[in-house]
Amino acid sequence: MTLVVVFAEPPREGLVLSRLADTSPLSDAEAADCYAAMLADAVFAADNSGGDVLVNYRSDDELPDEFVDADESAEEAVRAVVDRAAEDPSDVRFEVQVGSTRGGRVGNTVTHLLRNEGEKSVLTLDGNAPLVGRKDIDSAAMKLRTSDVVVGPATDGRVWTAAFCEAIDFDGAFASPTVETLVDRGTDADLDVDFLPSYRTVETGSDLADVVSLVRARAKAGRIVPKFTTEFVRDHGLHVVDGDDGPELVRD
């Protein structure tokens with residue numbers, strides 16, 4: 001059984017998706033709410049997959065002072081999102097992230113789980129790929145039966161997931177283009193590498209425009225949509241129009 005590790009930030013204004021607020025009609029506060037919705041969908045997908053779920057969050061000690069909330073700890077903020085999304089939140093494990101970089105945090109977690117806790121395979125998932133579903137996580141788990149490293153590409157050389165049966169050299173492993181860097185680290189270690197379908201990760205207004213367009217199209221066709229992200233899109237009146245420079249994200 002693959003352990004699914006969801007890397008989470010407390011959804012606080014200015015801390016998460018700051019580029020989204022700069023490149024879309026959303027304010028900093030709304031960008032934080034958008035992140036919370038996408039994180040909830042990530043937890044929902046992980047919780048409904050065949051694997052156990054571990055939420056790896058940044059603690060208050062690791063946050064810049066301006067993002068520490070005296071009334072709500074980072075753990076409480078993340079748990080509030082998990083409570084919305086998980087069928088039984090008590091089944092979800094919580095652990096604090098360790099490391100000053102993304103590669104360090106992922107590497108410390110994956111290496112510890114594989115080498116010290118006896119996990120056979122670990123899938124890492126960020127909370128900004130709302131179109132990823134349960135079947136995609138289960139597909140990754142199946143591929144990990146025959147491959148040591150499985151990568152889910154996103155746009156602009158990013159990844160929506162990286163999954164491992166063996167630890168790699170994680171120092172700088174998420175340098176751009178991340179998909180190439182991770183594959184290089186895997187093949188350098190003589191590990192078998194496989195791939196999953198590509199999904200959009202959301203960091204900018206252009207990224208969100210693609211997600212909004214597909215979510216609205218799938219909803220009209222009666223197909224499966226990410227519940228919490230779709231609610232956010234509808235509540236904020238987001239849609240895509242043909243702008244002067246191409247597709248443009250706007251709101252009612």
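## Threonine 124 and its surroundings

In this predicted model, threonine 124 touches Val5, Phe7, Val106, Val110, Trp160, Thr161 and Ala162, leaving aside residues up to four places away in sequence. Threonine 124 belongs to strand S4. Its relative accessibility is 6%, and because buried means under 20%, threonine 124 counts as buried.

One of its neighbours also makes a polar contact with it. A polar atom of the threonine 124 side chain lies 2.7 Å from the backbone oxygen of alanine 162.

## Strand S4

What share of the residues of S4 is buried? Five of the five are, so the strand is largely enclosed by the rest of the structure. Both of its faces are covered. Val122, Thr124 and Asp126 are buried on one side, and Leu123 and Leu125 are buried on the other.

Strands of a sheet pair through backbone hydrogen bonds, and the pairing is either parallel or antiparallel. S4 has examples of both. With S1 it pairs in the parallel sense, over five bridges, and leucine 3 has valine 122 of S4 as its bridge partner. With S6 (residues 159–164), strand S4 (residues 122–126) runs antiparallel, and four bridges join the two. Valine 122 is bridged to phenylalanine 164 of S6, and leucine 123 is bridged to alanine 163 of S6.

## The sheet as a whole

S4 is part of an open sheet of seven strands. The order across the sheet is S3-S2-S1-S4-S6-S5-S7, and the pairing is mixed. Strand S3 (93–96) and strand S7 (193–195) are the edge strands, each pairing on one side only. From one strand to the next, the twist averages 20°.

## Helices against the sheet

Helix H2 (residues 28–47) lies across strand S1 (3–8), strand S2 (53–57) and S4. Its direction is at about 170° to that of S1.

Helix H5 (residues 134–143) also packs on the sheet, where it touches S1, S4, strand S5 (149–153), S6 and S7. The direction of H5 makes about 150° with that of S4. Serine 139 is in helix H5, and at 29% relative accessibility serine 139 counts as partly exposed. Serine 139 and serine 49 are 90 residues apart along the chain, while their C-alpha atoms are separated by 9.7 Å.

In helix H6 (residues 178–188), the residues Thr178, Val179, Thr181, Leu182, Val183 and Gly186 are buried. Which strands do the buried residues of H6 pack against? They pack against S5, S6 and S7. The spacing of such residues can be read with a general rule: an α-helix has 3.6 residues a turn, so residues three or four places apart point the same way.

## Aromatic rings and a charge

The model has three aromatic pairs. In one of them, the rings of phenylalanine 164 and phenylalanine 170 have their centres 5.2 Å apart and their planes at 70°. Planes over 60 degrees apart count as edge-to-face, so this pair is edge-to-face. Phenylalanine 164 is buried, with a relative accessible area of 0%. Phenylalanine 170 is buried as well, with a value of 7%.

A charge and a ring meet elsewhere in the model. The charged end of arginine 79 sits over the ring of phenylalanine 94, 3.8 Å from the ring centre.

Most residues other than glycine have a negative phi, and most peptide bonds are trans.

Leucine 17 is not a glycine, yet its phi is positive, about 50°. It is found in the loop between S1 and helix H1 (18–22). At 13% relative accessibility, leucine 17 counts as buried.

Aspartate 190 is not a glycine either, and it has a positive phi of about 60°. Aspartate 190 follows H6 and is in the loop between H6 and S7. Is aspartate 190 buried or exposed? Aspartate 190 is exposed, with a relative accessible area of 71%.

A cis peptide bond joins serine 176 and proline 177, with omega at about -5°. Proline 177 is found in the loop between S6 and H6.

Conventions: Residues are numbered from 1 along each chain as its sequence is written. This is a predicted model: local features need pLDDT of at least 70, side-chain atom pairs count only at pLDDT 80 or more; totals for chains, interfaces and linings use all residues. Side-chain values use heavy atoms; hydrogens and water are left out. Rings of Phe, Tyr and Trp (its six-membered ring) pair if their centres lie within 6.5 Å; planes under 30 degrees apart count as stacked, over 60 as edge-to-face and the rest as tilted. Buried means under 20% relative accessible area, exposed over 50%, partly exposed in between (1.4 Å probe, protein chains only). A charge sits over a ring if NZ of Lys or CZ of Arg is within 6 Å of the ring centre and within 35 degrees of the ring normal. Two strands pair if DSSP finds at least two bridges between them. Axes are lines fitted to C-alpha atoms, for helices over the stretch in contact, and angles run from 0 to 180 degrees between N-to-C directions. Contact means heavy atoms within 4.5 Å. A polar contact is a pair of N or O atoms within 3.5 Å; within protein, one must be able to donate a hydrogen and the other to accept it, and residues adjacent in sequence count only if both atoms are side-chain atoms.
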